[in-house]
Amino acid sequence: MAGRNLRITLGPVPYLWDGEAWRDFYFRIADCAWIDAVTLGEVVCSKRLHFTQPFIDAVANRLADAGKEVALASMAMVTLEREAMLTRKLVEASPWPVEANDLSALGLLSGRPHLIGPFVNVYNGATARMLASRGATRICLGPELPLASVTEIIGAASGADFEVFAFGRLPLAISARCAHARAKGNSKDNCQFVCQDDPDGLAVDTLDGQSFLTLNGVQTMSHTCQVLLAELPALQQAGVSHIRLSPQHCDMADVAEVFAAVRDGRIDAAEGEARLRAIYPDVPFSNGFHHGTTGAAWIPAATEQVPA
Amino acid sequence: MELICPAGTPAAYREAVDAGADAVYCGFRDETNARNFPGLNFTREELAASIAYGKARNVQTYVALNTFMRAGAERLWYKAADDAVLLGADALIVADLALMAYISETHPRQRLHVSVQASASNADAINFLVQTFGAKRLVLPRVLTVADIAALAPKVACELEVFAFGGLCVMAEGRCSLSSYATGLSPNMQGVCSPASHVRYREDGEEMVSELGGYTINRFGADEPAGYPTLCKGRFHIADDGGYAFEDPVSLDVMEHLDALRAAGVTALKIEGRQRGKAYVAEVVSRLRQALAATPEQRPALLAHLRRLSEGQRTTAGAYEKKWR
């Protein structure tokens, strides 16, 4: 049986959704018993903020009332003065713990409890130890790290909880240029919010028709959805305390239930995987980064011989 | 402004010095630097000899230790830093926070430059690195316009260095896992991007297909030269369109903005290209040295020649111009 101690967190919605749809998504999450913690906020593009800003207090309060640990994420890339101001304001005035996703938020949060998001580069235990000493209570490791590194990092760093990206399209890159707007004939500065037309991102295929990447505004994501389900026991063995589910345009409450069911041994990983394929169809799964190979790869779980 | 020049070999190092570099940057022959390519980089002995050659001509040497320390193998990076200090490096170029901490604690008098791979793109981030680790200079990520840089410079307590010529990262540096998604090898971890070991060219009828890790990155007609399949500079299908989704196969050239960068308070201009041959390095360094000394009117003639050396022979000012976004 896999461990019961792994807690399930929901990362920020990476895509641009309509404000009401975004609110209603979280209201449903508030009613999902399987999710322990939720990090909210716009991480990808500051131009999108006004879509969700009117609802963020209501959503955060509703989630907290439902017993979830709530945190607010800072943006992954801060270049404009306006973005720098927003980051400072978030750090100064947030009623909820802040998850740092760039070095400015990290610096501003120093000395008080905070979380580290997957966009801060933590590749070794020495970095994790330093962040913990500066006030980080939970560190979500970047999805590129193999299990061997996750194990080493947690072994070397005490004083913080560790979270691993267990479900969702992988955030692979972020740019000053908006390829999403460009694909639709617009520039970033006059983007017309075309990314809102693609609530689960815009597919990038190779010229030979291979599914490859996904555009999400200035962010480039994988086409595949990372799924670490058969890997839960190994993650727990490594000392991981939280698994992060990154919202896709599917029923994330059902996704959380599957992860909880596998974690708690109510179903096995194979059944969990089959259920996930029904909840989030048409998108292939990957787990290659975890296994130290190409991120797009899917390494099937070893079929264990059951002793007679 | 200082001219910071690349060297992948001792021969290129000498060419860069002789051509007028103010400083040359290079790395050790392993995963501690972001140009970890076969046949490139320096042994300890080669670095010692190169530093001596530079010092005799008043040219500084920066050692790039700009990958992220692999968990469990940190000694490799610490040792590289110790050796670079011992050999007399004028500055270490570092991206990993824990490696910055190690250097500032173990070698407090060593000059520390923050690598572009650290992805510090605003004043709060930069000042955090200056205050925490004593960084003296920061290499800016290629995500800012010249106007952004001018607004930033007075707010930071260190020198700024910017990329001026050579390869262009379309994605924010240090935050890109596209290469490892397709090949398992990444700039942050192994010091490589779109590695040659995973490249394949194949003919398909009239067309030449370039692949990376089994993914088609481009198809070239009979009349097109087949370029290297750098992942972010390929042609892809988005909806019905089949163009360059992220960026054309262009390289960076911001020489038109020299005066604006100088006025913005930029200390140093960096030339990308440690993987380039010594003839390229010599040519680029001497032309840029001349361009820095020339008047704006004289510059176009000096630079036209240079553009022919560029990747795909086409250039862009990239993020330095707002319209690029």
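Buried residues make up 56% of the 308 residues in chain A. The model is a predicted one. Chain A holds 11 helices and 12 strands. Its radius of gyration is 19 Å, close to the 19 Å of the globule rule for 308 residues, so chain A is as compact as a globular protein of that length. Chain B touches chain A through 55 of its residues, which meet 50 residues of chain A.

**Chain A overall**
- The C-alpha trace of chain A spans about 65 × 50 × 35 Å along its principal axes.
- Take the contacts in chain A between residues at least 6 apart in sequence: 67% of them join residues at least 24 apart.

**The largest nonpolar core**
- This core counts 206 residues. A:Phe259, B:Val24, B:Leu65 and B:Leu92 touch the most other members.
- Strand β7 of chain A, residues 161–174, supplies the largest share, with nine residues.
- In chain B, both domain 1 (2–168 + 250–324) and domain 2 (178–233) give residues to the core, so the core lies between them.
- B:Val24 has these contacts beyond its neighbours within four places in sequence: B:Cys5, B:Ala7, B:Tyr13, B:Ala16, B:Val17, B:Gly54, B:Val59 and B:Thr61.

**Where the chains meet**
- The contact joins 55 residues of chain B to 50 residues of chain A.
- On the chain B side, the elements giving two or more residues include the helices α4 (97–106), α5 (123–133), α6 (146–152), α7 (178–183) and α8 (187–190). Strands β10 (215–220) and β11 (236–238) of chain B are also among them.
- The residues on this side of chain B are 29 nonpolar, 14 polar and 12 charged.
- Strand pairing crosses between the chains: β8 of chain A (residues 202–206) and β11(B) run antiparallel, over three bridges.
- Within that topic, A:Asp205 has B:His237 of β11(B) as its bridge partner.

**Domains of chain B**
- Domain 1 of chain B brings 11 residues to the contact, and domain 2 of chain B brings seven residues.
- The domain 1 side of that contact in chain B has three nonpolar, five polar and three charged residues.

**Strands β6 and β7 of chain B**
- Strand β7 of chain B, residues 159–166, is mostly covered, with seven of its eight residues buried.
- Strand β6 of chain B (residues 137–139) pairs with β7(B) in the parallel sense, over three bridges.
- B:Glu159 in β7(B) stands opposite B:Arg137.

- A:Phe193 is not a glycine, yet its phi is positive, at about 55 degrees. A:Phe193 sits in the loop between α8 (179–183) and β8 of chain A.
- Is A:Phe193 buried or partly exposed? A:Phe193 has 16 other C-beta atoms within 10 Å, so it counts as partly exposed.
- B:Ser119 also has a positive phi, about 60 degrees, although B:Ser119 is not a glycine. The loop between β5 (112–114) and α5 of chain B holds B:Ser119.
- B:Ser119 has 25 C-beta neighbours inside 10 Å, so B:Ser119 is buried. The cut-off for a buried residue is 20 or more.

Definitions and conventions:
Residues are numbered from 1 along each chain as its sequence is written. Chains are lettered from A and ligands numbered from 1 in the order in which they are written. This is a predicted model: local features need pLDDT of at least 70, side-chain atom pairs count only at pLDDT 80 or more; totals for chains, interfaces and linings use all residues. Helices (H or I, at least four residues) and strands (E, at least two) are DSSP runs, numbered from the N terminus. The radius of gyration is taken over C-alpha atoms; the globule rule is 2.2 Å times the number of residues to the power 0.38. A residue is buried if 20 or more other C-beta atoms lie within 10 Å of its own, exposed if 12 or fewer, and partly exposed in between; C-beta atoms are placed from the backbone. Two residues are in contact if their C-beta atoms, placed from the backbone, lie within 7 Å. A nonpolar core is a set of buried Ala, Val, Leu, Ile, Met, Phe, Trp, Tyr and Cys residues joined through C-beta atoms within 7 Å. Domain bounds come from an automatic or database domain assignment. Ala, Val, Leu, Ile, Met, Phe, Trp, Tyr, Cys and Pro count as nonpolar, Asp, Glu, Lys and Arg as charged, and the others, Gly among them, as polar. Two strands pair if DSSP finds at least two bridges between them.
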